[in-house]
Amino acid sequence: MSPTVPPPLSSRGGDEDRLIDEGVTPFCSNPALGARPAPTPHNALSSECGGRIDRTDLLTCRARADHRFTVITGDPGLSLENEPMPQDTRVLDPYGDTIDWNSIWIARKLRHLAIPGYREGDGFFQQKSNVLRFFSRRTEPNPRVQQQLARLQPPRGVRVLDIGAGPGNLTVPLAERGCHVVAVEPAAPMREMLSENAARAGVEVEVVPSAWEDVDPATLGGSFDLVIASFSLTMVDIRAALEKMHGACDGEVHLYWFFTPPPWGRVLRALWPEVHGAEYHYEPMAGCLVNVLLQMGVFPTVEPAFMGGVHNYGTLDEVVDEFAHRMNRRDRTHDGVIRDGLLRLLRREEDGSLVLDHPAWHAHVWWDTREQLIRPEFNPVY
Ligand SMILES: C[S@@+](CC[C@H](N)C(=O)[O-])C[C@H]1O[C@@H](n2cnc3c(N)ncnc32)[C@H](O)[C@@H]1O
């Protein structure tokens, strides 16, 4: 029997396709990276990685029993700690028994953050122009958010923590439905848009102006019935972030993240070498996230969502402009390179618009903290 594949959403309009694209920032928007307080042993690496690791040749990232991390690079001088190079674990451990998935997440995240040209300027959503460009005020319903809300359906009066609330795509409708929402959002332009959207809807939202890594849950006024992190998993030490979410919740934790690279990620990967002279590395995705949870002893429900196989990007000029910003291009001379690259990667429809053939999947990963405890000793066999 052939597998059932959802139909391509090829007939979708440009706006709807932008909604797919807005899943997550392609750039690190965490202002706290590089400006953290003194690291505790648990978050030593995530704190240190901010400004210092700028090499893409990370080979291995190992976790020690006390949860401190050691990044081993190809150059012994670049090791964060003076650890000897590990032996080749692929030879010693062909079954992956010693894999620490949080270390895999961290290594991928660091490699992503270290992409030359990636962190130039400020964080992506720290720039108001990007927030306006990718989250412009719209009156039409956002299909992805509608889907999330239809699935969540929290009763009135519940306490919701929305981590990485952005412009309030989920926060505002949840508050309109009678939830008491606390929104964690580190980017000032996002908070500005969130406040405007909440005011327009006539709802009150409590906003915490921090990255989740820097939030002390004890200051949030008690536990939450629902904790949501929707396309905001930029945290380097994801395990520490997940443990904190679990601890803040007396109900369900819902995460939304990529299962496969998003369409725009595919374009960035193809064009980055031509613009920045270096390879573009994807962020860690939901498969890794789920394995981190399993190694915490949390067994989540994982629901895949097909995000379409064909993505409409509007006219050539619009797409060049969009990717010039997504790529942090240094000067306008790169626009020609981006234009040529887009014409290679995308195909033109009869109306002149460009489309990208690229099947993409999101993941909805959730669990009930009342039914599951963090029990690392339940380490599953892969
Ligand atoms: C792509 S937007 C998603 C907005 C909204 N959650 C949604 O689903 O539409 C990601 C948001 O997460 C925020 N963010 C990124 N890293 C974060 C972190 N470490 N802690 C809290 N928020 C973060 C960004 O500033 C941005 O506003």
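Which are the buried residues of helix 9 (residues 238-247)? In this predicted model, they are Ile238, Arg239, Ala241, Leu242 and Met245. Because these residues cover an arc of only 160° around the axis, they lie on the same side of helix 9.

**Helix 9 and its cover**
- The elements covering the buried residues of helix 9 include helix 4 (101-113), strand 3 (159-163), strand 6, strand 7 (249-258) and helix 11 (286-296).
- An α-helix has 3.6 residues a turn, so residues three or four places apart point the same way.

**Alanine 229 in strand 6**
- Alanine 229 belongs to strand 6, which spans residues 224-230, and it counts as buried because it has 24 C-beta neighbours inside 10 Å, where 20 or more are required.
- When neighbours within four places in sequence are left aside, the contacts of alanine 229 are Ile163, Gly164, Met245 and Leu255.
- Tryptophan 212 is 17 residues from alanine 229 along the chain, and the C-alpha atoms of the two are separated by 9.8 Å.

**Helix 10 against helix 13**
- Helix 10 (residues 263-276) packs with helix 13 (residues 334-345) at an angle of about 145°, the axes being 10 Å apart, and the crossing is right-handed.
- On the helix 10 side the contact involves Val267, Ala270, Leu271, Glu274 and Val275, which meet His334, Val337, Ile338, Gly341 and Leu345 of helix 13.
- The residues of this contact divide into 7 nonpolar, 2 polar and 1 charged.

Technical notes:
Residues numbered from 1 in each chain as written. Predicted model: local features only at pLDDT ≥ 70, side-chain atom pairs only at ≥ 80, totals over all residues. Helix = DSSP H or I, 4+ residues; strand = E, 2+ residues; numbered from the N terminus. Buried ≥ 20, exposed ≤ 12 C-beta atoms within 10 Å, placed from the backbone. Contact = placed C-beta atoms within 7 Å. Axes fitted to C-alpha atoms, helices over the stretch in contact; angles between N-to-C directions. Left-handed = near helix turned anticlockwise from the far one by under 90°. Nonpolar A, V, L, I, M, F, W, Y, C, P; charged D, E, K, R; others polar. Arc of directions from axis to C-beta.
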